[in-house]
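Hi,

Here is the structure I promised to pass on. Have a look at it first, and then read my notes below.

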Amino acid sequence: MADIAGLAASAAGGGLFGLVGTAIGRIAGLVEARQAQAHERARWEHETDMLELRVEAEAAGREAELRNTEASGAWAGLSASMAAEAAIGASYKWVNAVRALTRPALTVLLWGITGAVFIGADEAGQAGIVDTATFAATAATLWWFGDRGPRREAR
(Lines give C-alpha, C1' and ligand atoms only; values in the text may rest on other atoms or scores of the structure.)
Protein backbone atom coordinates (compact mmCIF):
# COMPACT_ATOMS: atom_id res chain seq x y z
CA MET A 1 0.00 0.00 0.00
CA ALA A 2 2.92 2.31 0.74
CA ASP A 3 4.29 1.68 -2.75
CA ILE A 4 1.00 2.74 -4.33
CA ALA A 5 0.93 5.88 -2.21
CA GLY A 6 4.54 6.62 -3.23
CA LEU A 7 3.69 6.17 -6.89
CA ALA A 8 0.67 8.43 -6.57
CA ALA A 9 2.69 11.13 -4.81
CA SER A 10 5.38 10.87 -7.45
CA ALA A 11 2.85 11.18 -10.26
CA ALA A 12 1.27 14.20 -8.62
CA GLY A 13 4.62 15.94 -8.08
CA GLY A 14 6.57 15.01 -11.21
CA GLY A 15 4.04 14.03 -13.76
CA LEU A 16 4.35 11.07 -16.06
CA PHE A 17 8.18 11.06 -16.05
CA GLY A 18 8.21 11.08 -12.26
CA LEU A 19 5.83 8.11 -12.19
CA VAL A 20 7.92 6.12 -14.70
CA GLY A 21 11.17 7.05 -12.90
CA THR A 22 9.77 5.94 -9.54
CA ALA A 23 8.56 2.62 -10.99
CA ILE A 24 11.95 2.01 -12.66
CA GLY A 25 13.76 2.92 -9.43
CA ARG A 26 11.66 0.48 -7.42
CA ILE A 27 12.20 -2.31 -9.97
CA ALA A 28 15.95 -1.61 -10.03
CA GLY A 29 16.04 -1.81 -6.21
CA LEU A 30 14.22 -5.15 -6.32
CA VAL A 31 16.66 -6.51 -8.94
CA GLU A 32 19.66 -5.34 -6.88
CA ALA A 33 18.28 -6.98 -3.73
CA ARG A 34 17.79 -10.28 -5.59
CA GLN A 35 21.32 -10.09 -7.00
CA ALA A 36 22.73 -9.45 -3.53
CA GLN A 37 20.78 -12.44 -2.17
CA ALA A 38 22.03 -14.66 -5.01
CA HIS A 39 25.59 -13.51 -4.35
CA GLU A 40 25.26 -14.28 -0.61
CA ARG A 41 23.77 -17.69 -1.37
CA ALA A 42 26.68 -18.50 -3.72
CA ARG A 43 29.19 -17.28 -1.13
CA TRP A 44 27.67 -19.48 1.59
CA GLU A 45 27.58 -22.49 -0.75
CA HIS A 46 31.26 -21.93 -1.49
CA GLU A 47 32.04 -21.65 2.23
CA THR A 48 30.12 -24.87 2.88
CA ASP A 49 32.02 -26.68 0.12
CA MET A 50 35.34 -25.44 1.52
CA LEU A 51 34.43 -26.62 5.03
CA GLU A 52 33.39 -30.05 3.70
CA LEU A 53 36.70 -30.37 1.83
CA ARG A 54 38.63 -29.34 4.95
CA VAL A 55 36.77 -31.93 7.06
CA GLU A 56 37.47 -34.64 4.44
CA ALA A 57 41.17 -33.69 4.33
CA GLU A 58 41.45 -33.77 8.12
CA ALA A 59 39.72 -37.17 8.23
CA ALA A 60 42.09 -38.53 5.58
CA GLY A 61 45.05 -37.17 7.56
CA ARG A 62 43.82 -38.83 10.76
CA GLU A 63 43.28 -42.11 8.91
CA ALA A 64 46.80 -41.98 7.42
CA GLU A 65 48.24 -41.22 10.86
CA LEU A 66 46.34 -44.18 12.31
CA ARG A 67 47.66 -46.51 9.58
CA ASN A 68 51.18 -45.22 10.22
CA THR A 69 50.79 -45.84 13.95
CA GLU A 70 49.51 -49.36 13.31
CA ALA A 71 52.42 -50.09 10.98
CA SER A 72 54.91 -48.71 13.50
CA GLY A 73 53.45 -50.95 16.16
CA ALA A 74 53.70 -53.97 13.88
CA TRP A 75 57.35 -53.25 13.12
CA ALA A 76 58.05 -52.72 16.81
CA GLY A 77 56.52 -56.14 17.50
CA LEU A 78 58.72 -57.72 14.85
CA SER A 79 61.77 -56.00 16.30
CA ALA A 80 60.90 -57.27 19.78
CA SER A 81 60.45 -60.80 18.39
CA MET A 82 63.83 -60.66 16.67
CA ALA A 83 65.48 -59.35 19.86
CA ALA A 84 63.89 -62.13 21.94
CA GLU A 85 65.10 -64.74 19.48
CA ALA A 86 68.60 -63.26 19.46
CA ALA A 87 68.61 -63.47 23.26
CA ILE A 88 68.00 -67.23 23.03
CA GLY A 89 71.29 -67.59 21.22
CA ALA A 90 72.74 -71.00 20.63
CA SER A 91 70.53 -73.03 22.92
CA TYR A 92 70.24 -76.78 22.78
CA LYS A 93 70.70 -78.17 19.28
CA TRP A 94 67.37 -80.01 19.38
CA VAL A 95 65.55 -76.71 20.16
CA ASN A 96 67.08 -75.12 17.08
CA ALA A 97 66.18 -78.20 15.03
CA VAL A 98 62.54 -78.09 16.17
CA ARG A 99 62.34 -74.36 15.39
CA ALA A 100 63.84 -74.98 11.96
CA LEU A 101 61.15 -77.59 11.25
CA THR A 102 58.17 -75.73 12.68
CA ARG A 103 58.75 -72.33 11.08
CA PRO A 104 58.06 -73.47 7.50
CA ALA A 105 55.12 -75.64 8.58
CA LEU A 106 53.55 -72.81 10.58
CA THR A 107 54.11 -70.39 7.73
CA VAL A 108 52.43 -72.70 5.20
CA LEU A 109 49.53 -73.18 7.63
CA LEU A 110 49.27 -69.41 8.11
CA TRP A 111 49.21 -68.78 4.36
CA GLY A 112 46.56 -71.48 3.93
CA ILE A 113 44.32 -69.86 6.53
CA THR A 114 44.96 -66.43 4.99
CA GLY A 115 44.03 -67.77 1.53
CA ALA A 116 40.78 -69.25 2.84
CA VAL A 117 39.84 -66.00 4.54
CA PHE A 118 40.82 -64.04 1.40
CA ILE A 119 38.48 -66.10 -0.78
CA GLY A 120 35.56 -65.47 1.58
CA ALA A 121 36.22 -61.77 2.17
CA ASP A 122 34.67 -58.78 0.42
CA GLU A 123 36.80 -56.36 -1.61
CA ALA A 124 37.73 -54.13 1.35
CA GLY A 125 38.60 -57.18 3.43
CA GLN A 126 40.75 -58.54 0.62
CA ALA A 127 42.67 -55.25 0.43
CA GLY A 128 43.36 -55.47 4.17
CA ILE A 129 44.49 -59.06 3.79
CA VAL A 130 46.90 -58.08 1.01
CA ASP A 131 48.43 -55.38 3.24
CA THR A 132 48.74 -57.82 6.14
CA ALA A 133 50.14 -60.58 3.92
CA THR A 134 52.79 -58.22 2.55
CA PHE A 135 53.89 -57.41 6.07
CA ALA A 136 53.80 -61.09 7.05
CA ALA A 137 55.91 -62.09 4.05
CA THR A 138 58.49 -59.46 4.96
CA ALA A 139 58.50 -60.58 8.58
CA ALA A 140 58.90 -64.24 7.58
CA THR A 141 61.77 -63.41 5.26
CA LEU A 142 63.54 -61.50 8.02
CA TRP A 143 62.77 -64.31 10.46
CA TRP A 144 64.22 -67.01 8.23
CA PHE A 145 67.01 -65.23 6.41
CA GLY A 146 67.82 -62.28 8.65
CA ASP A 147 71.32 -61.67 9.95
CA ARG A 148 71.70 -64.46 12.48
CA GLY A 149 75.47 -64.36 12.77
CA PRO A 150 77.26 -63.02 15.79
CA ARG A 151 77.44 -59.26 15.99
CA ARG A 152 80.86 -57.81 15.29
CA GLU A 153 82.07 -54.66 16.87
CA ALA A 154 82.99 -51.85 14.48
CA ARG A 155 86.70 -51.06 14.46
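Arg67 and Glu63 form a salt bridge, with their closest N and O atoms 2.9 Å apart. Keep in mind as you read that this is a predicted model. Both residues belong to helix α1, where they sit four residues apart, about one turn of the helix. Arg67 has a relative accessible area of 47%, so it counts as partly exposed. Glu63 is partly exposed too, at 49%.

How many salt bridges does the count come to? Two. Arg43 makes a salt bridge with Glu40, and here the closest N and O atoms are 3.0 Å apart. Because Arg43 and Glu40 are three residues apart in helix α1, about one helical turn separates them. Arg43 comes out as partly exposed at 36% relative accessibility, and Glu40 is partly exposed at 33%.

Next, the surface patches. Which residues gather in a patch of negative charge? They are Glu45, Asp49, Glu52 and Glu56. Glu56 is found in helix α1, which covers residues 2–88. Why does Glu56 count as exposed? Its relative accessibility is 53%, and exposed means over 50%.

Val117 sits in helix α2, residues 93–120. With a relative accessible area of 45%, Val117 is partly exposed.

Cheers

How values were computed: Residues are numbered from 1 along each chain as its sequence is written. This is a predicted model: local features need pLDDT of at least 70, side-chain atom pairs count only at pLDDT 80 or more; totals for chains, interfaces and linings use all residues. Side-chain values use heavy atoms; hydrogens and water are left out. Patches are made of residues with over 30% relative accessible area and no salt bridge: like charges are joined within 9 Å, nonpolar side chains (Val, Leu, Ile, Met, Phe, Trp, Tyr) within 5 Å. Accessible areas come from the Shrake-Rupley method with a 1.4 Å probe; for residues, only the protein chains shown count as cover. A salt bridge is a side-chain nitrogen of Lys or Arg within 4 Å of a carboxyl oxygen of Asp or Glu. Lys and Arg count as positive and Asp and Glu as negative; His and the chain ends are not counted. The place of a charge is taken as NZ of Lys, CZ of Arg, CG of Asp or CD of Glu. Helices (H or I, at least four residues) and strands (E, at least two) are DSSP runs, numbered from the N terminus. Buried means under 20% relative accessible area, exposed over 50%, partly exposed in between (1.4 Å probe, protein chains only).
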